[in-house]
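Please keep the view beside you and check each point as you read.

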Amino acid sequence: MTQLKLLEGKHIHLNLVRVATLPTASLPLIDAGLQFMRDVYAEVGIGVGRILRFNVPQGGYEIVVDDDIAKDLWDSWSAPGDAIDVFLCLVIVGNAIGESPTPGSCDKDGKDSGVLVGVVDSGAYVGMSIAHEVGHYLGLEHENDLPDNLMYPSAPTGDRLYGGQGGVMKTHCFMRNACAL
Amino acid sequence: MTLRVRLPEDSALEGVTRIDGRFGLDPDRVSLARIRRAIAGGDAELPAARAMTLLFDSDFPNKHRDFEKVLADDAAPELLRRVAAAYLGRMQTPEAVEILVQQLDIRDELVLSSVVRSLGASGGRRALETLDALERDLPASVYDEVVVARTFIAHRIGVEGAERPTSSEIAFIDVDERCSGKLGVMAADRNDTELCLRALGRRPFGIELAENAIQVRCQRRVWLFLPNHLYSTHSALGGLASHRAILGLVASRVQATGLYSLAYVLLATPLEDGTIRVVATRTNGQMTFGGSARLDERGLHFSLRAAARPGAFAIGVDGTWANGELRVERAVAGFTAEFPRNRPERELPPAVQNARRVT
């Protein structure tokens with residue numbers, strides 16, 4: 001009910017795009033993560049609406065070794081619609097478990113259109129990672145001094161968002177207005 | 001921006017674990033014993049793949065043996081074996097390359113692909129000979145990786161061999177001057193170059209980089225071109241007319257952190273007509289831009305265009321590289337993608353998939 005109420009105001013849509021060999025066993029983890037994201041975004045009055053699922057059938061992106069391969073993924077693939085593309089790979093080799101441009105492009109065919117999350121890498125932090133990276137896409141910077149904030153730069157992050165951050169997110173072009181329910 | 005991972009503050013299991021909240025786990029403060037236990041799957045708080053990152057970041061001198069143990073273990077999870085192969089490829093040491101060569105008989109298709117890809121990023125003559133000798137009935141996905149790896153190695157050591165992409169696969173986009181902006185091209189700041197070299201690490205992609213880097217800017221995006229040390233002087237450029245070479249690497253700056261990551265590898269191939277084919281690929285072999293060059297007494301004159309591929313933006317760079325300096329005559333980039341991106345396949349949510357199976 002909370003989400004339905006939120007969809008009467010500002011909200012976003014997501015495209016979850018999993019790369020070829022992401023095990024289906026990971027999917028419940030992702031669903032639980034999305035609930036975490038919904039709860040955190042609800043704090044600042046932002047709903048998470050339609051979620052469509054896709055997969056990238058070709059290999060080569062399951063384990064992202066170089067940071068720039070994430071950009072290759074964003075530049076080469078795009079799911080349709082007015083939703084933010086969240087690419088889910090297995091592992092990002094290196095210290096990162098998620099990547100996003102800040103802010104993300106308004107144009108689905110523009111540069112850096114999408115976020116990337118390493119699912120197996122993130123483990124229990126999948127929802128946190130998705131929420132955090134989408135936060136960047138919507139314009140949020142890191143909050144280095146606020147460990148309880150979602151935008152703290154290391155996982156586990158906090159689960160808080162503040163009003164000012166919500167204000168920034170609501171100005172992004174991917175933010176939708178009220179749904180006709 | 002990136003999200004890094006850290007352990008909870010109270011997870012100091014062995015009294016040596018302290019987590020730097022800003023930069024993630026500090027490999028110097030997590031014991032080797034704990035990392036090894038985590039890699040074996042025995043640490044609920046530290047995922048095995050993350051432990052392997054810590055091991056890679058550590059200065060433990062024998063870490064290649066730990067990665068070898070995981071890679072060679074048929075019973076280990078396929079994902080971890082692939083991550084082990086990736087880290088061995090990043091180590092750029094003779095020992096790591098030899099381990100990868102020794103593991104080319106792995107039967108698991110995905111793991112073998114990762115081994116081959118890592119050899120492409122780090123291997124030398126022996127790796128090339130071993131790859132050349134691999135059976136021809138490899139699965140298609142592995143075979144593609146083998147061709148890409150052989151191409152990279154052949155350019156690294158300057159010999160004939162596989163070519164990817166082939167000439168028939170190359171098509172370029174011309175820039176529409178009415179719908180383009182100028183690229184900023186200039187000598188890179190010394191501090192920026194040092195930062196980039198540090199970020200790329202030891203012998204990135206198996207070559208030594210020179211310090212006379214070139215910066216390229218397009219709106220918020222910044223790249224550095226770092227020439228291969230072997231071809232950073234005018235006299236050495238002559239070698240490009242006679243053998244293949246990796247001209248250098250292009251690193252892109254991560255906007256949030258200011259740090260650099262490897263973006264493109266520039267490959268040069270001499271052609272029979274006296275020109276030199278130049279191709280820039282991602283580390284996965286995906287060609288992004290290229291063109292031709294010719295050598296004369298004034299230097300290497302080149303003309304580069306973006307490759308026609310999904311999501312490609314048009315670029316055009318014409319200039320001359322001589323005495324370690326770049327003179328640009330034209331550097332422009334299109335505002336919009338010239339080709340539509342690939343569309344991923346739609347799939348149903350897991351609950352709906354399960355319901356269909358039941359009915």
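How many bridges join strand β2 of chain A to β14(B), and do the strands run parallel or antiparallel? There are three bridges, and the strands run antiparallel. The points below start from that pairing.

1. Basis. This is a predicted model, in which local features need pLDDT of at least 70, side-chain atom pairs count only at pLDDT 80 or more, and totals for chains, interfaces and linings use all residues. Residues are numbered from 1 along each chain as its sequence is written, while chains are lettered from A and ligands numbered from 1 in the order in which they are written.

2. Strand β2 of chain A covers residues 47–56. Strands here are DSSP runs of E with at least two residues, helices are runs of H or I with at least four, and both are numbered from the N terminus. Two strands pair if DSSP finds at least two bridges between them. In this pairing, Phe54(A) stands opposite Arg346(B).

3. Arg346(B). This residue lies in strand β14 of chain B. Arg346(B) touches Leu52(A) and Phe54(A), leaving aside residues up to four places away in sequence. Contact means that the C-beta atoms of two residues, placed from the backbone, lie within 7 Å. Is Arg346(B) buried or exposed? Arg346(B) counts as exposed, because it has 12 C-beta neighbours inside 10 Å. The cut-offs are 20 or more other C-beta atoms within 10 Å for buried, 12 or fewer for exposed, and partly exposed in between, with C-beta atoms placed from the backbone. Arg82(B) is 264 residues away along the chain, and the two C-alpha atoms are separated by 27 Å.

4. The interface. Chain B gives 45 residues to the contact and chain A gives 51 residues. On the chain B side, the elements that give two or more residues include β1 (2–5), α2 (48–57) and β14 (345–347). The largest share of that side, five residues, comes from α4(B). By class, the side has 20 nonpolar, 14 polar and 11 charged residues. Nonpolar covers Ala, Val, Leu, Ile, Met, Phe, Trp, Tyr, Cys and Pro; charged covers Asp, Glu, Lys and Arg; the others, Gly among them, are polar.

5. The core. The largest nonpolar core has 154 residues. Such a core is a set of buried Ala, Val, Leu, Ile, Met, Phe, Trp, Tyr and Cys residues joined through C-beta atoms within 7 Å. The residues with the most contacts inside this core are Val86(A), Cys89(A), Val83(B) and Leu224(B). α4(B) gives the most to the core, with nine residues. Domain 1 and domain 2 of chain B both give residues to the core, so it lies between them. Among the residues that Val86(A) touches, leaving aside those up to four places away in sequence, are Leu14(A), Val115(A), Ile130(A) and Val134(A).

6. Helix α5(A). Ile130(A) and Val134(A) are also among the buried residues of this helix. Because 12 of the 12 residues of α5(A) are buried, the helix is largely enclosed by the rest of the structure. Gly139(A) follows α5(A), with a positive phi near 115°.

7. Domains of chain B. The assignment gives domain 1 (61–157) and domain 2 (172–337); such bounds come from an automatic or database domain assignment. Their C-alpha centres lie 27 Å apart. Eight residues of domain 1 are in contact with 12 residues of domain 2. On the domain 1 side, α8(B) gives the most, with five residues.

8. A hairpin in chain B. β5(B) and β6(B) form a hairpin with two residues between them, and Gln219(B) in the turn has a positive phi of about 50°. Five bridges join these antiparallel strands. Val216(B) has Trp223(B) as its bridge partner. β5(B) is also joined to β4 of chain B, by four bridges and again antiparallel. There, Ala187(B) is partnered by Ile214(B).

9. Chain B overall. Its secondary structure comes to 11 helices and 14 strands. Buried residues make up 43% of its 359 residues.
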